[in-house]
Amino acid sequence: MPVKEAIKVDVNKIPLDEIDVSNPYLFQNDTIGEYFKRLRKEDPVHYCAKGHSGAYWSVTKFNDIMRVDTDHKTFSSDSARGGIALDGPGARSESSSRSGAPDMGLTMFIAMDPPKHDEQRKVVSPIVAPHNLETLEPIIRERAAAILDSLPVGEEIDWVDKVSIELTTMTLATLFDFPWEERRKLTRWSDVVTSSPGNGVDSWEQWQRELTECAMYFKELWDQRVGGEQKHDLISILAGSPATSNMPFGEFLGNLLLLIVGGNDTTRNSITGGVLALNQNPKEYAKLMNDPGLITDMVPEIIRWQTPLSHMRRTAVRDAEVGGKKIREGDKVAMWYLSGNRDSEVIERADEFLIDRKNPRHHVSFGFGIHRCVGNRLAELQLRIIWEEIVTRFRKVEVVGEPVRSLSNLIHGFTRMPVILHAL
Amino acid sequence: MPKVTFIGHNGAEHVVTVASGATGRDAAINNDIPGIDGDCGGVCACATCHVYVDPAWLDKTGRAVAGEMEAELLQFAEDFRETSRLACQITLTDDLDGLVLRIPAGQH
């Protein structure tokens, strides 16, 4: 049942089989943590027969999530079976708001299985290779500094719009060598991919129209760069590699959108989430300002804490046992990363935001196995740079009002967060 | 107590001694060897403990077995070579005493 307001529901009084953690309102009103806590304790591999996302399994503990994530032979990501989100474009659920989405033939390697997945990932992976990150770092830093220097001090601004979106869009534009003045188109298209009528677009017709515009725009960039000089932006790399230069247009667009989406609201929401976490944990903020050397370890802790993707979904291709439960062929399985990252049996003091914890990269936000986030080090790089530039400019980034959280069981983030910047 | 030499990408050598049965990842993490991350905790799930086995030792350690998880993950590692292994899958027994492992430019 949709819980639209932030009512204080006693989670323990709901019958277990009525719990539906796919309800996006639970994420928006931020009560979802209590539900996962109960499931981890009482029913860690939990079946919901009829929820917002139809019938699906929830995997809530860290080690069970890892078991599913690394067993790609049993648990498929293929878009033909429904893809990698409970309510994704390929989802077949009748109750899903995405049924009715036009089929644009978008295929992305995140929603493929081997061998096709492997061929395509291998092409994209070099874009975030160590030497490429080294080249990107000074450009990102220069542009991040410009963004921060342009912000007004002492007056309320929306951090999401003015900083988080601005920064991540800037990095993507750099990665694609996208026309600079048009870079907000990248944000818009990324948001469109994960939207649905009433939540980001007015109709499926609009969804299709905007993504077609995106396709045409990228096709033009592709045509300009194919056969051109060997450059290091992503479009040139895709256009220049034999494995991808002849790929069907739907695949090309799908993979581009994957990189835009993958690198967009996830990083954006980690930037916002880190500011909020530090505000909610003033001792940690003090630790940071006292010793900016902690930034390197703080970054993965922010990513764990925020868990920018609440879940990733798989479909069982055969019967399998997980955590003592029998999953049947064809069943939808949601790995709740947001829950795994609070599993205190694996992560010490998991419910606390600690910027100097040991093994801060031991979290599940990037997933595990062959689909593990290909851009993870780029995400960390951006977060590190932005914090390095923040601490040399502002004594405090103060959150001055309730942030507005995203209405989504997939994207764990914010649409608005009012802050005031205080100079050093 | 086998001895392992890690050679960093910049040429720096680190020689460590470990208990027999420890993995290459354990040896690196427990001795703060830079350049090996092992994010997943050593369970063959992330490929951030990528190393190159010195060719003289490749027969002793063996290569990653095709079709298994280690090989599936390694194929995506940056600058994957014939001598590539995941350090968490190399168990350091006494007959690997003196093993030399090279560290790649980065992990991701």
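This is a predicted model: local features need pLDDT of at least 70, side-chain atom pairs count only at pLDDT 80 or more; totals for chains, interfaces and linings use all residues.
Student: How are α5(A) and α6(A) oriented to each other?

Tutor: Helices are DSSP runs (H or I, at least four residues; strands are E, at least two), numbered from the N terminus. α5 (130–149) and α6 (159–176) of chain A pack at about 150°, axes 10 Å apart, with axes fitted to C-alpha atoms over the stretch in contact and angles running from 0 to 180 degrees between N-to-C directions. Therefore α5(A) and α6(A) are roughly antiparallel.

Student: Which residues of α6(A) meet α5(A)?

Tutor: Contact takes C-beta atoms, placed from the backbone, within 7 Å. From α5(A) come A:Leu136, A:Ile139, A:Ile140, A:Arg143, A:Ala144 and A:Ile147. Their partners in α6(A) are A:Val163, A:Glu166, A:Leu167, A:Met170, A:Thr171 and A:Thr174.

Student: Over in chain B, which strands stand at the edges of the sheet?

Tutor: Five strands of chain B form an open, mixed sheet ordered β2-β1-β5-β3-β4. Each edge strand has a single partner, so one side is left without a neighbour in the sheet. They are β2 (13–17) and β4 (84–86).

Student: And what is the bridge partner of B:Val53 in β5(B)?

Tutor: Strands pair if DSSP finds at least two bridges between them. β3 (50–53) and β5 (99–102) of chain B pair in the antiparallel sense over two bridges. For B:Val53, the partner is B:Leu101.

Conventions:
Residues are numbered from 1 along each chain as its sequence is written. Chains are lettered from A and ligands numbered from 1 in the order in which they are written. Angles under 35 degrees count as roughly parallel, over 145 as roughly antiparallel, 65 to 115 as roughly perpendicular and the rest as oblique. Two residues are in contact if their C-beta atoms, placed from the backbone, lie within 7 Å.
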